[in-house]
Amino acid sequence: MKVLFVASEAYPLIKTGGLGDVCGSLPPALLATGMDVRLLLPAYPAALAQAGPLKPVDTIDLRPYFHPTVRLLEGRLPGTRVKLWLVDCPPAFNRAGNPYHAADGQPWPDNAERFALFARAAVALALGWTRQRWRPDIVHAHDWQTGLVPALLASDPARPATVFTIHNLAYQGIFPRATFDALRLDPSLWSFEALEFHGQMSFIKGGLVYADRLTTVSPNYAREIQTPRFGHGLDGLLHWRRDALHGILNGIDRREWNPARDPHLVSRYSAAKLGAKGPNKPALQNELGLPPSPQPLLALVGRLVWQKGIDLVLELLPALARRGVQLAILGNGEREYETALRRVAAVYRDWLAVRIGYDEGLAHRIEAGADLFLMPSRFEPCGLNQLYSLHYGTVPVVHRVGGLSDTVSDIDHPTPVLKPNGFVFSQETPAALLAAIDRALALYRQPTRWAALQRSGMRQDFSWSRSAAKYAGLYAGLRPTPVRNPPVKTRGSSRHRAGVRRTTRAAAARR
Ligand code: ADP
Ligand code: GLC
C-alpha cells in the first residue's frame, strides 16, 4: 500500500501545534506496519534547515495556474525512514517565521495562493504528471491547507483514493469569492454543494465534500462535529457524510515524549521509578524564577487562543492565589491573551510564571516538573498535552469535550472504558474548573492515593501503534468512490456565523 501524506507541518521540520506532532509521528508508525508512506510538505526555510541532506529530483510544471518554477526536493523525515518530499517554491514558502502568519499575527495575504499551489503540486504527484514513477494508492490530506487536494483529484478517473483528516474544524480556510476566481478553479466548484460557504470560498469543504473517507482525531469529536455546538456551521454536511467519518485517537510519540529517556529533563523517571520525577520540580521552579516550594505546581502549555479556555484560567487567578499554589504558563498566540498574561504575571510574580513564546524543551520540562496540568479547552479535537501529562505523571484537569473526554477518566466519576487518571469538569465556567482543581488539590494532600493516580495515567497505552493499525484498517480496500455532493445547504445560523467569526480571529494566531 502506497500512501502520500500531504500536510502543512510535521515535527521536527516545522510545528505550530498538535498537527505537526501527528504528521511527524503517524507516517513512521504507518511505515512500521509495512506501508510505503511518503510525506509531502512545503519547503519552508525551517523545513529546509532541519531536513538534513536533500536532493532536487524533479520540477513540477503548474502552468497555467502558477508560473514560477516549482522544484521537488527529496530527503528523509529526520530520525525516520520516511521518504520526504518538499515542494520548493521560494516566492510562496521562503519567508521567515510561522507558516501561516507574519510577525504581526496577520495571516499571510497570499495564503490561499500558497496552499492552492501546494495542493496542485500534490495532485501532480498523485496523478503521475511528474517524472516520479511512484504513484500512491491513497492520498491522505490534513486540515484546510490541503482541502483542495481531494477536490482537485475528484474529477480524475485515474485518481487514487483520498482520506481527509480534520484536526481542527475551527480553521476552515475561508477566502472571498475573488480569491476563488483568482485561483482559476473549475467554476463548477463554486456551489454550496462544493466549495462555497455563505458566499465565500472554503478550503476545508474541499476535503469534507470530496474525500472518500473523513477522519478526525478522536471518536468523541467525530460525534460532536455533527452537532451545531461544535460543527462551526458544517455539522449538517458532516452528519450527511457520517458513514464516511471515523474518529481515530491520536497517540504519543514515545521517541519524543518518554520521561525515562527525555534529554530535556534533569531527572528521568517512569511509573516504576516515580520518585525520580521529584527533582524536576525544583529545577523547573528555578528555571522559571519561582520559589522552591513544595506546594502544588499547576501548569498550562498551549496556543493562546479562545479554544483553549485561557480566559477561564485568568478569571481564577485571585482564587488560586488564596490557595497558595504555583502556576506555570507557556504559550503564544492571540495578542490579547499574551498581553493579559504578561500583566497578571507582574501582579502575581511570587507564584505565577508566564513564558510567552514557543519553547519545545521547556514544554517537556513543564510536563515533568508540574503536579497538575490544566486543559480547560472549550473544544478539543484530540489534545496531545493531556496525553503527554498522563505519560509524565502530571495529573490532567480537563473539560469534558472532544478527545479530552476520550482520554481522561475522572477519579470520582470514571468512564466505563478507562481507569481513573485525572479530573474532568463539565460546565464551561471558571467555577466548574475551580471545583475540579479543588478536588485535585484535596487528593494531592493524600500522597499514596495521588501516586496511584499518577501511575494509573502513566501505565495507560496511548501509543501510536494502536492508532496506526486503525488507519491501516481504514486504508485497506479503500477505492475511489464517485462523489455525491450534499443535497442540503450547509447550515449557518447566526450562532454558527459567530463561531466562524470568532475562529477567524483565532486563525490569525495560527492557521
Ligand atoms: P493544538 O494542536 O490545538 O495546539 P495539542 O494539545 O494537540 O493542541 O498539541 C499542542 C502541541 O504543541 C504539543 O506538542 C505542545 O507541547 C505544543 N505546544 C503548544 N504551544 C507550545 C509552546 N508555546 N511551546 C512549546 N510547545 C508548545
Ligand atoms: C488540532 C487540535 C488538537 C489535536 C491536534 C492534532 O490542532 O486542536 O486537539 O490534538 O490538532 O490532531
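How many bridges join strand β17 to β18? Strand β17 (residues 395-399) is joined to β18 by 3 bridges, and the two run parallel. Within this pair, Val397 stands opposite Phe423 in β18. Strands pair if DSSP finds at least two bridges between them.

This is a predicted model, where local features need pLDDT of at least 70, side-chain atom pairs count only at pLDDT 80 or more, and totals for chains, interfaces and linings use all residues. Residues are numbered from 1 along each chain as its sequence is written, chains are lettered from A and ligands numbered from 1 in the order in which they are written, and side-chain values use heavy atoms, without hydrogens and water.

**The sheet**

The open sheet has 6 strands, ordered β15-β14-β13-β16-β17-β18, with parallel pairing. At its edges stand β15 (352-356) and β18 (423-425); each has a single partner strand, so one side of each lacks a neighbour in the sheet. On average, neighbouring strands are turned by 15 degrees against each other, direction ignored. Helices (H or I, at least four residues) and strands (E, at least two) are DSSP runs, numbered from the N terminus.

**Helices across the sheet**

Two helices lie across strands of the sheet. Contact means heavy atoms within 4.5 Å. Axes are lines fitted to C-alpha atoms, for helices over the stretch in contact, and angles run from 0 to 180 degrees between N-to-C directions.

| Helix | Lies across | Angle |
|---|---|---|
| α11 (residues 310-323) | β13, β14, β15 and β16 | about 155 degrees to β13 |
| α16 (residues 430-444) | β13, β16, β17 and β18 | about 160 degrees to β18 |

**Lys205**

Lys205 is in helix α7 (residues 203-210). Lys205 counts as buried because its relative accessibility is 0%. Buried means under 20% relative accessible area, exposed over 50%, partly exposed in between (1.4 Å probe, protein chains only).
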